[in-house]
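I opened the model to look up a few things and kept notes as I went. The entries follow in the order I made them.

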Amino acid sequence: MMNRYDSDADMTGQLTTGTGYLMNQNIRLKNPTEMTSLEGRVAFVTGAGSGIGRAGACAMARCGAHVVVTDRDGGLASAVADEIIAEGLQCSARQLDVGNDDALVEAIDDTVVQYGRLDILHSHAGLQIEGPLEQVSTEDMDASWALNVRAHFVAAQAAVAPMKRQGGGSIIITASNSGIQYDREMIAYSTTKHSAVSMTRQMAADYAKDNIRFNALCPGFVDTPFNAGFEVQMGGRSGLEKYISENIPMARFGTPGEIADAIVFLASDMSTFVTGHALVIDGGECI
Ligand SMILES: NC(=O)c1ccc[n+]([C@@H]2O[C@H](COP(=O)([O-])OP(=O)(O)OC[C@H]3O[C@@H](n4cnc5c(N)ncnc54)[C@H](O)[C@@H]3O)[C@@H](O)[C@H]2O)c1
């Protein structure tokens with residue numbers, strides 16, 4: 001059976017192969033604007049006050065979603081919401097530390113009560129503790145686990161019930177390309193990010209029948225305040241930039257906007273058959 005993208009179809013819906021063989025299938029013609037539309041959908045984002053979470057929240061709002069922007073820093077969450085509302089888009093803000101199980105579940109439950117549904121959960125907040133085995137304390141390992149694995153588990157658990165009721169949804173869990181490859185001297189980060197990817201894949205398998213898609217977002221170096229710890233390891237900003245130019249095949253950082261494109265892809269009908277995937281966006285670092 002041929003596996004071709006819908007965009008190979010001509011305007012009559014017919015698919016022409018390289019051999020000239022014409023397959024007249026019932027092809028869904030894709031209009032990119034229509035397929036990325038999130039009109040009428042409700043999205044909930046954690047760690048959305050800065051960086052990638054902020055960019056994804058803004059992008060989803062521009063595609064028509066009502067976005068609930070949450071962050072441990074309530075001021076940052078409000079500033080992002082103000083920015084989105086200033087564009088005439090729909091948004092609300094909430095202070096939320098994902099390390100607090102009760103607050104996390106309550107925030108997701110409140111979203112469903114207030115807006116009537118939950119279509120997209122982007123569980124994004126995370127923690128990077130640098131260092132090799134002998135330098136990372138058990139407390140720091142536990143803290144990494146709490147944010148990078150446990151909080152995603154708690155958030156996803158709260159999201160599946162309303163998603164089941166409404167017939168589906170998209171859950172995006174931010175891992176990292178450190179969940180695919182191994183870093184240098186990042187035992188707590190790399191271990192917990194690998195766990196986030198495995199957990200996402202397990203949940204994808206368990207909830208595929210409910211039309212709830214689970215995918216892991218795996219960025220490489222994206223220029224946000226999140227890299228402060230690694231910057232210290234590299235001996236400052238110039239050391240970090242040197243590392244990037246020498247170790248990333250594309251020789252540059254990614255931008256939050258480039259990761260937001262992937263978030264819209266995973267959140268929208270562009271990816272209706274994509275689940276259990278770890279989407280690496282890293283300028284070739286993992287190659
Ligand atoms: N930036 C990168 O290079 C990169 C690469 C791979 C993965 N990631 C992942 O992306 C996520 C964050 O990266 P970013 O670039 O958006 O960072 P960022 O520092 O720009 O933003 C992180 C946001 O999360 C918030 N936050 C921190 N702890 C929180 C908590 N306990 N509860 C709620 N909010 C909290 C912060 O206040 C901040 O607004 C992490 O999961 C990280 O592992 C980042």
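This is a predicted model: local features need pLDDT of at least 70, side-chain atom pairs count only at pLDDT 80 or more; totals for chains, interfaces and linings use all residues.

What covers its buried residues? I found that the cover of the buried residues of α9 includes β3 (42–45), α2, β6 (120–123), β7 (169–174), β8 (212–219) and β9 (278–281). The buried residues themselves are Pro-256, Ile-259, Ala-260, Ala-262, Ile-263, Val-264, Leu-266 and Ala-267. I checked the span of α9 (residues 256–267): its 12 residues reach 16 Å from first C-alpha to last, close to the 16 Å expected at 1.5 Å a residue.

Next, the largest nonpolar core. I noted 75 residues in this core, and those touching the most other members are Ala-43, Ala-57, Met-60, Val-67, Val-69, Ala-155 and Ile-263. Helix α5 (residues 138–166) gives the most to this core, with 9 residues. I then looked up Val-67: leaving aside neighbours within four places in sequence, Val-67 contacts Ala-43, Val-45, Ala-57, Met-60, Ala-61, Ile-84 and Cys-91.

Then the ligand. I listed 29 residues around the ligand, of which Gly-47, Gly-51, Gly-126, Thr-224 and Phe-226 come nearest. By type, the shell divides into 11 nonpolar, 14 polar and 4 charged residues. Helix α2 (residues 51–62) gives the most to this shell, with 3 residues.

Last, Asp-269, in the loop between α9 and β9. Glu-34 is 235 residues away along the chain, yet the C-alpha atoms of Asp-269 and Glu-34 are separated by 8.7 Å.

Conventions: Residues are numbered from 1 along each chain as its sequence is written. A residue is near a molecule or strand if its C-beta atom, placed from the backbone, lies within 6 Å of it. Helices (H or I, at least four residues) and strands (E, at least two) are DSSP runs, numbered from the N terminus. Ala, Val, Leu, Ile, Met, Phe, Trp, Tyr, Cys and Pro count as nonpolar, Asp, Glu, Lys and Arg as charged, and the others, Gly among them, as polar. The expected span of a helix is 1.5 Å times one less than its number of residues. A residue is buried if 20 or more other C-beta atoms lie within 10 Å of its own, exposed if 12 or fewer, and partly exposed in between; C-beta atoms are placed from the backbone. Two residues are in contact if their C-beta atoms, placed from the backbone, lie within 7 Å. A nonpolar core is a set of buried Ala, Val, Leu, Ile, Met, Phe, Trp, Tyr and Cys residues joined through C-beta atoms within 7 Å.
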